[in-house]
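Subject: Structure handover

Hi,

Here is the structure I promised you. My notes follow below it.

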Amino acid sequence: MKYDLSPLSAKKLNVIEIDTTFTFTDEDALSNSMVCTVNPVNVKGTIKSYGNGFKLDISYESTWQYQCGRCLEPVDYVIKGEIIRSIVKDGNDGDDDYVVVESTVIDLYDVIYNDIVLNLPSQVMCDEECKGLCPNCGKNLNTGACECSVDNVDPRLAKLKNLFTHD
Ligand SMILES: [Zn+2]
Ligand SMILES: [Zn+2]
């Protein structure tokens, strides 16, 4: 994911076209999320000269899989974003609008990686109506009711039931 910016500086090129596939190798940072399948990310866009520096304008897209936050079944989730930033040699490192490069080469790995991780939802649901798993037997309740739901009486209701039997 490295691009040499010197042809732009030397004005041999007006634009660097980006059309590539970005593959995650750093799986550790994703281990905290509910992402279960990480697929390669398609990246398209340009780097152009802009003022004293350059302008990065790319979009990315992929379909990953999450575990449903309720029933744990795999759910497709579209990862999508657009990154428009100024590329500068000197700048405030903490400023999100800038990508600071120390040499004539820019590595887009971190730029895209950070944008994806920042925008990942903490939870994805297979359906808003997902019934989840039975906390008792673990059955996926979307596929039908389990045995335990039949005798499962709310303890508060059970007390009421006792009151009535005393009468
Ligand atoms: Zn679900
Ligand atoms: Zn059950």
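Start with isoleucine 116, which sits in helix H2 (residues 109–119). Helices here are DSSP runs of H or I with at least four residues, strands are E runs of at least two, and both are numbered from the N terminus.

This is a predicted model: local features need pLDDT of at least 70, side-chain atom pairs count only at pLDDT 80 or more, and totals for chains, interfaces and linings use all residues. Residues are numbered from 1 along each chain as its sequence is written, with chains lettered from A and ligands numbered from 1 in the order in which they are written.

Is isoleucine 116 buried or exposed? Isoleucine 116 is buried, because 22 other C-beta atoms lie within 10 Å. The cut-offs: buried means 20 or more such atoms within 10 Å, exposed 12 or fewer, partly exposed in between, with C-beta atoms placed from the backbone. Leaving out residues up to four places away in sequence, isoleucine 116 touches Ile79 and Gly81. Contact means C-beta atoms, placed from the backbone, within 7 Å.

Now the whole chain. The protein chain has four helices and eight strands. Of its 167 residues, 11% count as buried.

Best wishes

How values were computed: Contact = placed C-beta atoms within 7 Å.
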